Structures are given as C-alpha cells and as structure tokens.
Amino acid sequence: MSELKRYDVPMQRLLQRATPGKFPDDCWAWTGARVGRGYGQIWFFGRTQLAHRISFLLFRDEIPEGAFVLHSCDNPPCCNPAHLKLGSSLDNNRDMRSKGRAARIVGEKHPRAKLTELRAIEILEGFRLGARQVDLAEEYGVSRHVIYDLVRGRSWPHLTAEEQPDE
Ligand SMILES: [Zn+2]
C-alpha cells in the first residue's frame, strides 16, 4: 500500500472530528473524546493517541523522540496543523511558565534518538501483532536495544502507557 493510501483513513477520521473552520487561521476544535487540559484523543495504529500529535504527524512532519507538539494558539483541543509546532520539553516548560501554568517536566532521556514518533508507533503496532523484536530491529534499521527500550516503555513512555499523560 502506498504511504498516501495508508494514511488516508486516519486523515479522514481526524478531519471528521476536527473540522477546519471557515478561515485557514481558525482553530480545528476537536469534537471527540478529550483528555487532560482538553487534548483530543484519536484511535490510531491500534491505540488511543493524542489527536494534535497525530495531526502533526499526518499533515506536517515526523516528531523526534522527546519532542513536544506545542500549540501556538494556546488551545489544547485544536488540531489545525498550522497552529502546531515542535518544541523541546524546555520550550514546553517555558511556554507553560509564560502562560502561568504548571508544567509537567519530561526530560529528553534519549538525546541520541534513533526513532521518530510515527516509526515508534508503527513498531509498537507490529510488536502487538506478534512481530519479533529482532525482525523489527532489522526492518527499521535500529539496534535491538532501541526496540527493547521502546516495547518496555522506557524510551517512548507516552506511547506505551495505558493512559495518555497530560502532556
Ligand atoms: Zn488553533
């Protein structure tokens, strides 16, 4: 299946619950389930994910390990990819502090990341479907340790936790 076809369905599902507004600058308010401070939740690759992160993945770019997807509009349910930007946990904390909110500090535990978020999600899905870690390592061109840390919830805890954290 081509990359485009593969992501067609999740794109349609996302657009059903986060309808673009009249103007390109309008927020795409998530109308489905929400979590934390109002982040949307979407079913993607076999589990519940944060909708704004998936919007960023589908419409913008990969998310490097440890990176946050921040809202330039300061509206957590918004999924307008034009309002989303990548930031480090430091940016996130700075953002929170400047907006007078308490920050949940998540450090970049693995600065020499070998995976991006979409790949990590795919690998976890493969693992849940019964793929062997050694085969996943080969397929994605990373060491077995990278796969092991991922499936054990060490390197991408927000993807493996049962509950999505309030980012
Ligand atoms: Zn917005």
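Helix 2, spanning residues 51–59, is mostly tucked away, with seven of its nine residues buried (buried means 20 or more other C-beta atoms within 10 Å of the residue's own, with C-beta atoms placed from the backbone). The buried set is A51, H52, R53, I54, S55, F56 and L57. Helices here are DSSP runs of H or I with at least four residues, strands are runs of E with at least two, and both are numbered from the N terminus. The model is a predicted one, in which local features need pLDDT of at least 70, side-chain atom pairs count only at pLDDT 80 or more, and totals for chains, interfaces and linings use all residues. Residue numbers start from 1 along each chain as its sequence is written.

Then there are the strands, which pair if DSSP finds at least two bridges between them. Strand 1 (residues 34–35) runs antiparallel to strand 2 (residues 39–44), joined by two bridges, and V35 sits opposite Y39. Three residues separate the two strands in this hairpin, where G36 takes a positive phi near 60 degrees. Strand 2 also runs antiparallel to strand 3 (residues 47–50), this time through four bridges, with W43 opposite T48. Here two residues lie between the strands, and F45 takes a positive phi near 55 degrees.

Further along, helix 5 (residues 133–140) packs on helix 6 (residues 144–151) at about 120 degrees, with axes 8 Å apart; axes are lines fitted to C-alpha atoms over the stretch in contact, and angles run from 0 to 180 degrees between N-to-C directions. Helix 5 brings Q133, V134, L136 and A137 to the contact, and helix 6 brings R144, V146, I147, Y148 and V151 (contact means C-beta atoms, placed from the backbone, within 7 Å).

Terms used. Buried ≥ 20, exposed ≤ 12 C-beta atoms within 10 Å, placed from the backbone. Contact = placed C-beta atoms within 7 Å.
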